[in-house]
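Subject: Structure handover

Hello,

Here is the structure I promised you. Please open it beside this email and follow along.

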Amino acid sequence: MFAIALSAMAQSGTNSPYSQFGYGKLSEQSQGFNRGMNGVGLAFREHNQVNYLNPASYSAIDSLTFIFDVGMSLQMTNFKENGKSKNANNADFEYAVGSFRLVKNVGMSFGILPFTNVGYSFSASSTVPGYSMAPSTSTGTTYTQNYSGNGGLRQFFIGAGWQTPLKGLSVGMNASYLWGTVSNYITNTYSDNNVKSLAKQYSISARSYKLDFGVQYSHWLNSKDIATVGVTLTPGHSLNADPECLVITSNSQSAVNDTTKLAATDGCSLPTQLGIGFSYKHANQWLVGLDYTLQTWSSVKFPVYGETNGTTTYTSQTDVFSNRHKINMGGEYCRNENGRNLGDKIHYRFGMGYTTPYLRPNGNEGPKEFSVSAGVGIPIINSWNNRSMLNIGFQWQNMSGNNLLTENTFLINIGMTFNERWFAKWRFE
């Protein structure tokens, strides 16, 4: 399907050829503290971490502190197809989020993070037997297809979470501004200069919004054990964007280019997403969680290029993608986060997950993803602060399917959570 001739595109956040489909590779949208738990967190309520996955969790933020969390990732990926192998490395600044207590029972958060990433470059060559406009050529013409792409969608969000009067129940909402451009390029070139080359340039520029609603309900089972259920909903909607396709035919001998511009008015949309999670915490030491997320990509509008009887079309269609199901589980252990020894304060994390694809390359089922992770949260202790934390996560991802390119990616996620005591009232005697 793909020829292994990839180049690094570190600025994009991905090297995956699969990012040529749809809006690109979907971001995990998790922070440093739960990356080591494979991104689980719909039912997590942490007083000292920002949990964007469920805005209802903001109501748990400590009233005396301001939290700021930034993260980046390092990626090492191996691609395999038809007995060939290629390695690629990547680095990306991933997110920056902050949170604080706005008023009693209400926490607020804001930040910027990726929604999708596009970044790839590969090529495939073959021969058309006996096809040549040059009379002296009898062995056929070689043509090369070059594929490349870049860009992605980003989002800036602001949200709030409220602890309701009903004991244990919190609700929240994120409002996001979604923007960015997804660009894909396909170029066909021929060894016979008499044959015209063909290039297609696809682009989607979006300026839209995204809303996320969240609910969490916590119940103390006894003095040490607490269980929490979290539910999230992200309504799907049109992006109000007009994707474009440029079809460029070039003649190398006459240096004449013929360009056809196609557009799909209001041609793309976002899926509805529903998530439900469960967590269990014991004695403020053990924490485990399980998440399930459904994205209804099969109902999403997306433009498709076609050719019928010599006429080119670029029209919006549904059923271009498949519904995406994602299951994550993970947990952490901390012996005593208020202990005197550093070893007692370290958080040890683990996780695993399974995801079905939303992509359908050439109308076929896309690659499934399996991942495992581990990580640590190391407190930063000095004379003026003992609440900030360095989060390091390690994750292995495998993407594979029938007759498809196989990707094995090892990621190192590094996040720094600054937890400052801003709102304490000082007393002088």
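First, a definition. A residue is buried if its relative accessible area is under 20%, exposed if over 50%, and partly exposed in between (1.4 Å probe, protein chains only).

Next, the ground rules. This is a predicted model, so local features need pLDDT of at least 70 and side-chain atom pairs count only at pLDDT 80 or more, while totals for chains, interfaces and linings use all residues. Residues are numbered from 1 along each chain as its sequence is written, and side-chain values use heavy atoms, with hydrogens and water left out.

Helices (H or I, at least four residues) and strands (E, at least two) are DSSP runs, numbered from the N terminus.

**Two backbone angles**

Start with Q29. Its place is the loop between β1 (25–26) and α1. Q29 is not a glycine, yet its phi is positive, at about 55 degrees. Is Q29 buried or exposed? Q29 counts as buried, because its relative accessibility is 13%.

Now go to D319. This residue sits in the loop between β15 (311–317) and β16 (324–333). D319 is also a residue other than glycine with a positive phi, here near 60 degrees. D319 counts as exposed, because its relative accessibility is 51%.

**Salt bridges**

A salt bridge here is a side-chain nitrogen of Lys or Arg within 4 Å of a carboxyl oxygen of Asp or Glu. How many salt bridges does a search of the whole structure find? The search finds 9.

R35 pairs with E94. Their closest N and O atoms are 2.6 Å apart. R35 is in helix α1 (residues 32–35) and E94 is in strand β3 (residues 84–103), so this pair links distant parts of the chain, 59 residues apart. R35 is buried, at 9% relative accessible area. E94 is buried too, at 12% relative accessibility.

K281 pairs with E46. The closest N and O atoms are 3.7 Å apart. K281 belongs to strand β12 (residues 273–282), and E46 to the loop between α1 and β2 (66–81). The two are 235 residues apart, and the pair links distant parts of the chain. K281 counts as buried at 18% relative accessibility. E46 counts as buried at 11%.

K301 meets D266. Their side chains form a salt bridge of 3.5 Å, N to O. K301 lies in the loop between β13 (286–295) and β14 (302–308), and D266 in the loop between β11 (256–263) and β12, so the pair ties together parts that are 35 residues apart in sequence. K301 is partly exposed, at 24% relative accessibility. D266 is partly exposed, at 29% relative accessible area.

**Aromatic rings**

A pair of aromatic rings is described by the distance of the centres and the angle of the planes. Rings of Phe, Tyr and Trp (its six-membered ring) pair if their centres lie within 6.5 Å; planes under 30 degrees apart are stacked, over 60 edge-to-face, and the rest tilted. The count comes to 17 aromatic pairs.

Take F321 and Y358. They form a tilted pair, 5.2 Å centre to centre, with 55 degrees between the planes. F321 is in the loop between β15 and β16, while Y358 is in the loop between β17 (347–355) and β18 (368–379). This pair links distant parts of the chain, 37 residues apart. F321 is buried, at 4% relative accessibility. Y358 is buried, with a relative accessible area of 4%.

Which residues do ring pairs link into a cluster? They are Y23, W297, F302, F321 and Y358.

Best wishes
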